[in-house]
Amino acid sequence: MTASSNVIANFNAYAEMYKDARPDQSGGGGGWFPDPGEHQVIITGMRMERSTFRTKDGGEFPSTLVTFSFQLVDDPGAVGDPREFEGASFNLPDNPSQASLQDSEAAKNGTRIRLEINRLKGHLSTILGGPSKVSENPARDLEEAQKAVSTGTMAVLLRAQHQTKGDRTYRKEFLIRAL
């Protein structure tokens with residue numbers, strides 16, 4: 001599924017932050033998720049859609065949600081085909097400056113956005129062939145990544161991470177390198 005030009009254009013607001021982002025490959029989503037650790041997977045899809053960025057203080061801002069889909073290459077625990085799963089979504093407000101105010105909640109939102117843009121750039125860096133292949137333009141890189149994963153044959157090494165806070169477990173994935 002190709003993203004609309006409006007969704008892609010919204011990422012132009014991240015050009016400055018994206019240029020300085022460090023690709024985060026160190027390392028959500030509902031449904032089945034692999035155990036913590038490294039897994040060989042195939043990227044089966046990339047979805048971009050309109051959403052809402054919500055803050056703890058009740059703020060709501062228009063945003064874009066980016067979600068990658070994966071299938072394990074080798075899955076001895078599955079009956080039949082290897083299991084598929086969705087990664088943790090990236091939820092990025094259309095206007096990142098909305099989260100850069102000086103109050104403490106906005107500062108937390110700014111940190112949250114920076115961490116997610118770093119993780120997104122890590123995904124795009126892996127998909128596009130390494131840090132030297134990403135541009136300073138997130139919209140361009142998202143379009144190129146969408147083309148690259150559209151065949152459903154891109155194999156990568158993924159690190160699944162689980163973090164428990166209170167009674168909730170948050171799951172994220174980091175793309176380490178292409179296989």
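Helices (H or I, at least four residues) and strands (E, at least two) are DSSP runs, numbered from the N terminus. By this definition, Phe33 lies in the loop between α2 (15-20) and β1. The structure described here is a predicted model, in which local features need pLDDT of at least 70 and side-chain atom pairs count only at pLDDT 80 or more, while totals for chains, interfaces and linings use all residues. Residues are numbered from 1 along each chain as its sequence is written, and side-chain values use heavy atoms, with hydrogens and water left out.

The chain contains four helices and six strands, arranged from the N terminus in the order α-α-β-β-β-β-α-α-β-β. The mean pLDDT (the predictor's confidence in each residue, from 0 to 100) is 84, and 86% of the residues reach 70 or more. Over residues 25-29, pLDDT stays under 50. Where pLDDT is low, the predicted coordinates should not be read in detail. Of the 179 residues, 44% count as buried; buried means under 20% relative accessible area, exposed over 50%, and partly exposed in between (1.4 Å probe, protein chains only). The chain exposes about 9300 Å², of which carbon and sulfur atoms supply 47%. Accessible areas come from the Shrake-Rupley method with a 1.4 Å probe, and for residues only the protein chains shown count as cover.

The strands are joined by several antiparallel pairings. Two strands pair if DSSP finds at least two bridges between them. Strands β1 and β2 run antiparallel and are joined by 13 bridges. Five residues separate these strands in their hairpin, where Gly58 takes a positive phi near 95°. Strand β2 is also joined to β4 by four bridges, again in an antiparallel arrangement, with Leu65 opposite Asn91 in β4. Three bridges pair β2 with strand β3 (residues 84-86) in the antiparallel sense; here, Phe85 of β3 is the bridge partner of Phe70. Ten of the 13 residues of β2 are buried, so this strand is largely enclosed by the rest of the structure.

Strand β1 pairs with β5 as well, in the antiparallel sense and over seven bridges. In this pairing Glu38 stands opposite Arg159 of β5, and Arg159 has Phe174 as its bridge partner in β6. Strand β5 (residues 154-165) and strand β6 (residues 168-178) run antiparallel and are joined by ten bridges. They form a hairpin with two residues between them, and Gly166 in the turn has a positive phi of about 65°.

Ser51 illustrates the pairing of β1 with β2. This residue lies in strand β1 and stands opposite Ser63 in β2. Ser51 and Ser63 are twelve residues apart in sequence, and their C-alpha atoms are 5.0 Å apart in space. Contact means heavy atoms within 4.5 Å. Not counting residues up to four places away in sequence, Ser51 touches Phe61, Pro62, Ser63, Leu65 and Asn91. With a relative accessible area of 25%, Ser51 is partly exposed.

A nonpolar core is a set of buried Ala, Val, Leu, Ile, Met, Phe, Trp, Tyr and Cys residues joined through side-chain atoms within 4.5 Å. The largest such core has 35 residues, among which Ile43, Phe68, Leu120 and Ile127 touch the most other members. At least two residues of this core come from each of α1 (5-10), β1 (37-54), β2 (60-72), β4 (90-93), α3 (104-128), α4 (138-149) and β5. Helix α3 supplies the largest share, six residues. Beyond four places in sequence, the contacts of Ile127 are Ile43, Phe68, Ala145, Ala148, Val149, Met154 and Leu175.

Four aromatic pairs are present. Rings of Phe, Tyr and Trp (its six-membered ring) pair if their centres lie within 6.5 Å; planes under 30 degrees apart count as stacked, over 60 as edge-to-face and the rest as tilted. Phe68 and Phe90 form an edge-to-face pair, 6.2 Å from centre to centre with 85° between the planes. Phe68 lies in strand β2 and Phe90 in strand β4, so the pair ties together parts that are 22 residues apart in sequence. Both Phe68 and Phe90 are buried. Ring pairs also link Trp32, Phe33, Phe70 and Phe85 into a cluster. Phe33 counts as buried because its relative accessibility is 5%. Beyond four places in sequence, the residues in contact with Phe33 include Phe85, Arg171 and His162.
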